[in-house]
Amino acid sequence: MFPEANKGYSYDDCKATADWLLAQTDIQPRVGIVCGSGLGGLAEMLKDQVAFNYKDIPNFPQSTVHGHAGRLVFGTLKGRACVCMQGRFHLYEGYAVQRITLPIRIFKLLGVETVILTNAAGGLNEDFKVGDIMVIKDHINLPGFAGNNPLVGPNDERFGVRFPCMSDAYDRELQQLGMDVGQELGYGDFLKEGVYCALGGPSFETIAECRMLHKLGADAVGMSTVHEVVVARHCGMRVFALSLITNQVVMDYDSEEKANHEEVLQAGKQRGLQMEHLVSTMVTRIEHNNSYI
Ligand SMILES: O=P(O)(O)O[C@@H]1C[C@H](O)[C@@H](CO)O1
Ligand SMILES: Nc1nc2[nH]cnc2c(=O)[nH]1
């Protein structure tokens with residue numbers, strides 16, 4: 001009934017992977033971080049690192065995209081225990097959506113309560129500039145519209161309910177905290193809020209598609225994150241997510257601009273440090289405020 005590739009990720013399989021990891025580190029993370037394209041530098045900030053290459057972790061897929069190192073790093077960020085995916089998986093790599101979201105369930109079984117995700121995205125909102133950081137307030141899951149939702153298949157109640165609510169997908173207190181921390185750090189000029197829309201990729205959008213997504217209410221477009229968010233919310237973890245606007249999408253037939261992965265990685269290099277600083281400061285504040293954790 002379900003594709004072969006989706007088999008083998010039962011609760012027990014996820015538990016086996018989580019237990020395998022926990023047996024090799026004393027770090028018990030409460031915060032799980034997923035780094036987007038070119039944004040893996042955050043993992044380097046972790047102290048007392050215990051790192052695993054994805055190829056060595058039972059059941060883990062492999063990273064195949066430039067800018068996604070393929071390491072799971074445990075460590076502490078300003079004293080708080082974290083686990084960080086230095087590289088994520090995408091639909092366009094050929095993995096089933098249930099497979100690319102497996103690490104999120106492993107986060108849950110490791111004891112993670114809050115998930116922080118970053119991504120690189122194209123700006124649809126005409127007020128956005130390259131280098132802007134967008135606090136994600138909501139998403140449009142276009143692969144999900146077509147039935148490609150990570151929760152398709154038998155539901156295991158140990159993870160969550162059959163029909164999870166998504167109207168509160170992005171934790172409102174964490175969004176506010178993100179905006180406050182960004183202002184305190186002096187990022188006001190390039191800190192935005194908005195709606196992220198995910199497509200399957202790997203082709204970038206046509207002009208007509210960008211115009212349509214803009215009309216639908218999306219502020220930024222990418223190829224990830226929403227599947228991870230659905231799985232994180234299904235199993236009750238809180239979510240905070242940031243997009244780095246790495247390029248302006250092309251909306252005009254007279255434009256000579258062409259989206260490409262190199263400019264995406266380049267924008268990550270230019271704004272990476274500020275993204276890392278925002279996330280690490282968020283992590284500190286989550287620790288200091290018991291209402292968040
Ligand atoms: O993993 P993210 O969503 O940051 O990666 C984006 C989407 C594509 O994988 C890639 C395009 O340049 O960057
Ligand atoms: N789909 C999509 N993903 C991106 N990731 C970074 N920029 C873009 C973009 O313009 N479109």
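Student: How many nonpolar, polar and charged residues does the shell around ligand 1 have?
Tutor: This is a predicted model, in which local features need pLDDT of at least 70 and side-chain atom pairs count only at pLDDT 80 or more, while totals for chains, interfaces and linings use all residues. Residues are numbered from 1 along each chain as its sequence is written, and chains are lettered from A and ligands numbered from 1 in the order in which they are written. Ala, Val, Leu, Ile, Met, Phe, Trp, Tyr, Cys and Pro count as nonpolar, Asp, Glu, Lys and Arg as charged, and the others, Gly among them, as polar. By these classes, the shell around ligand 1 has 4 nonpolar, 8 polar and 1 charged residues.

Student: Which residues are the closest to ligand 1?
Tutor: A residue is near a molecule if its C-beta atom, placed from the backbone, lies within 6 Å of it. Of the 13 residues that surround ligand 1, the closest are Gly36, Ser37, Asn119, Ser224 and Val264.

Student: Which elements give two or more residues to the shell around ligand 1?
Tutor: Helices (H or I, at least four residues) and strands (E, at least two) are DSSP runs, numbered from the N terminus. Two or more residues of the shell around ligand 1 come from each of the elements β5 (114-123) and α9 (261-288).

Student: Which residues does Arg88 touch, not counting residues up to four places away in sequence?
Tutor: Arg88 has its place in the loop between β4 and α3, and counts as buried because it has 28 C-beta neighbours inside 10 Å. Two residues are in contact if their C-beta atoms, placed from the backbone, lie within 7 Å. With residues up to four places away in sequence set aside, Arg88 touches Val34, His68 and Ser224.

Student: How many of the 9 residues of helix α4 are buried?
Tutor: The buried residues of α4 include Leu102, Pro103 and Leu110, and the buried residues of this helix pack against α1 (11-22), β1 (31-34), β4 (80-86), α3 (97-100), β5 and α8 (226-234). Helix α4 (residues 102-110) is largely enclosed by the rest of the structure, because the number of its 9 residues that are buried is 8.

Conventions
Buried ≥ 20, exposed ≤ 12 C-beta atoms within 10 Å, placed from the backbone.
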